[in-house]
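Student: I have a structure open and want to go through a few parts of it. Can we start with how the domains sit?

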Amino acid sequence: MIVTVVGTGYVGLVTGLAFAKLGHEVICIDKEESKIDALKRAQAPIFEPGLEELLKEQTTNGNIRFATSMSVPWSSDIAFIAVGTPSLSTGEADLTAVFEVVDELAQMLQRNSIIGTKSTVPVGTAHKIRMRLALLGRQDISVVSVPEFLREGSAIHDTFHPSRLVFGVRDQRSEQVLRELHAGLDAPIVVTENETAEMIKYASNAFLATKISFINEIANICDRVGADVATVSRAMGLDPRIGSSFLRAGLGYGGSCFPKDTKALVNIAGQADYDFLLLKAVVEVNQLQRLRPLSKLREWLGELRGKTVTLLGTAFKPGTDDVRESPALDLAQVLEADGVIVRFCDPVVRSLEGVFGDPIDVIADAYEALTDADAAVLVTEWNEFIELDWAHVADIMASPYIFDGRNVLDPRKMRTCGIVLSNIGMSAASQNLTGANQL
Ligand code: UDX
């Protein structure tokens with residue numbers, strides 16, 4: 001089949017490459033010239049394990065092409081929209097880019113083509129796209145909703161091994177095209193109407209975010225009552241009705257999806273006159289969780305003004321260079337407002353641009369970032385940090401205090417190394433091991 005994908009972010013690029021690998025002819029379109037130039041040279045514009053290899057393979061065998069615009073009448077069986085849907089200040093998803101693409105596709109696509117949404121779009125968007133197409137005299141184009149569930153850092157694996165495929169369709173021909181397009185992927189297929197498909201994506205992300213905020217609140221209570229959240233999570237996860245995933249307590253979720261999609265679903269509910277109380281609390285808990293290290297830092301450092309605090313990890317999670325909605329950014333902002341000198345450290349992120357005004361350098365070498373620091377917060381659980389020579393770290397820091405925001409550092413080992421450690425909800429277990437060394 002001939003497949004068009006508009007938007008070459010994580011979702012668009014990985015989707016396009018996956019269809020190319022499955023044997024289809026793919027054209028990826030993006031307005032950003034520099035991105036397309038790089039892609040034509042088989043250079044990945046984002047850090048994602050396995051992406052560049054797949055890009056080289058599919059560019060070399062000619063299954064995928066890149067362009068900045070749809071300048072000729074387009075012959076494509078299906079065109080996917082995978083452009084950004086950022087949050088407006090109300091939490092509502094901004095669909096400006098989606099509808100710009102719809103307008104363009106309406107001019108370019110041959111008769112009886114199909115437009116599919118891959119971007120996470122509010123419930124009712126397929127219907128709005130149909131109305132727009134009708135206005136433009138293109139009722140012949142079908143609209144399908146095919147939400148994407150890939151995770152950054154394992155995007156390629158997730159795309160080739162999906163837990164499920166969801167096809168939101170209104171006609172059998174579209175369903176048939178989608179089945180043929182995805183032939184070769186071994187996953188249960190849920191065929192439903194567009195609105196349900198759109199809701200499945202939001203409900204899935206909101207549920208996972210709920211698990212995280214839930215375990216984070218349990219962790220906060222564990223801290224107060226002397227229980228150990230890691231053991232609580234492990235034991236809870238052994239119940240198959242609960243499941244063990246997404247129960248790691250820490251500084252909360254970040255990234256391009258959960259923060260945006262949870263707020264968007266609260267907004268979708270509100271527009272339908274429904275107050276989604278639970279999800280509102282999930283969002284609020286997550287926001288507060290990012291600032292958990294503050295009270296402990298104050299306890300350790302006393303006056304914060306003029307102190308140097310190193311943030312170990314700038315990416316929102318390991319395995320990516322994405323800093324969107326990273327807890328490190330909120331934490332840094334509050335610390336800086338209190339007069340703290342903040343140092344950023346990350347093995348992959350090289351600079352923070354457009355986040356704090358002037359671009360800020362991110363230090364690659366953790367030892368350099370920790371030298372003479374008064375305290376550090378482990379924000380992202382990169383292996384590079386877990387495996388540091390902590391005895392050496394204790395020597396080079398001005399005072400050896402670490403707040404482990406991801407509960408990944410072994411309290412016993414930290415104690416032996418002379419590090420004073422705090423974490424989230426593991427104080428009971430840690431206290432037994434570390435005694436006075438636990439703040
Ligand atoms: C997520 C969804 O998993 C994916 O299906 C969807 O398509 C996009 O959003 P992603 O944002 O790439 O993917 O990251 P994910 O691995 O799901 O983690 C999201 C956030 O939750 C990260 O900030 C991570 O640190 C945090 N998290 C995850 C926890 O705090 N605890 C956990 O137990 C799991």
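Tutor: This is a predicted model. The centres of domain 1 and domain 3, taken over C-alpha atoms, are separated by 38 Å.

Student: Where do the domain bounds fall?

Tutor: The domain assignment gives 2-192 for domain 1, 201-287 for domain 2 and 290-433 for domain 3.

Student: How many residues of domain 1 are in contact with domain 3?

Tutor: Seven residues of domain 1 are in contact with eight residues of domain 3.

Student: And what area is buried between domain 1 and domain 3?

Tutor: About 540 Å² is buried between them, and carbon and sulfur atoms give 46% of that. On the domain 1 side, Tyr10, Phe47 and Glu152 supply 83% of the area that domain 1 buries against domain 3, more than any other three residues.

Student: Helices next. At what angle do helix 8 and helix 10 pack?

Tutor: Helix 8 (residues 194-225) and helix 10 (residues 258-271) pack at about 115 degrees, and their axes are 9 Å apart. The crossing of helix 8 past helix 10 is left-handed.

Student: Which residues in helix 8 and helix 10 meet?

Tutor: From helix 8, the residues are Met199, Lys201, Tyr202, Ala203, Asn205, Ala206, Leu208, Ala209 and Ile212; they meet Phe258, Asp261, Thr262, Ala264, Leu265 and Ile268 in helix 10. By type, the residues of this contact divide into eleven nonpolar, two polar and two charged.

Student: What about Ala227, where does that lie?

Tutor: Ala227 is in the loop between helix 8 and helix 9 (229-237). Ala227 counts as partly exposed because its relative accessibility is 25%. Ala227 is 13 residues from Phe214 in sequence, and the two are 16 Å apart in space, C-alpha to C-alpha.

Student: Switching to backbone angles. What is phi of Asp372?

Tutor: Phi of Asp372 is near 65 degrees, a positive value in a residue other than glycine. Asp372 is placed in the loop between helix 14 (366-370) and strand 13 (375-378).

Student: Is Asp372 buried or exposed?

Tutor: Exposed, because the relative accessibility of Asp372 is 51%.

Student: And what is phi of Asn407?

Tutor: Near 55 degrees, also a positive value in a residue other than glycine. Asn407 lies in the loop between strand 14 (401-404) and helix 17 (411-417), and at 17% relative accessibility Asn407 counts as buried.

Student: Last one, Thr308. Which residues does Thr308 touch?

Tutor: Leaving out residues up to four places away in sequence, Thr308 touches Ile341, Arg343, Ala373, Asp374 and Ala375. Thr308 lies in strand 9 (residues 308-312), and Thr308 counts as buried because its relative accessibility is 10%.

Methods:
Residues are numbered from 1 along each chain as its sequence is written. This is a predicted model: local features need pLDDT of at least 70, side-chain atom pairs count only at pLDDT 80 or more; totals for chains, interfaces and linings use all residues. Side-chain values use heavy atoms; hydrogens and water are left out. Helices (H or I, at least four residues) and strands (E, at least two) are DSSP runs, numbered from the N terminus. Buried means under 20% relative accessible area, exposed over 50%, partly exposed in between (1.4 Å probe, protein chains only). Contact means heavy atoms within 4.5 Å. Axes are lines fitted to C-alpha atoms, for helices over the stretch in contact, and angles run from 0 to 180 degrees between N-to-C directions. A crossing is left-handed if the near helix is turned anticlockwise from the far one by less than a right angle, and right-handed if clockwise. Ala, Val, Leu, Ile, Met, Phe, Trp, Tyr, Cys and Pro count as nonpolar, Asp, Glu, Lys and Arg as charged, and the others, Gly among them, as polar. Domain bounds come from an automatic or database domain assignment. Buried area is the accessible area (1.4 Å probe) that two parts lose on being put together, summed over both.
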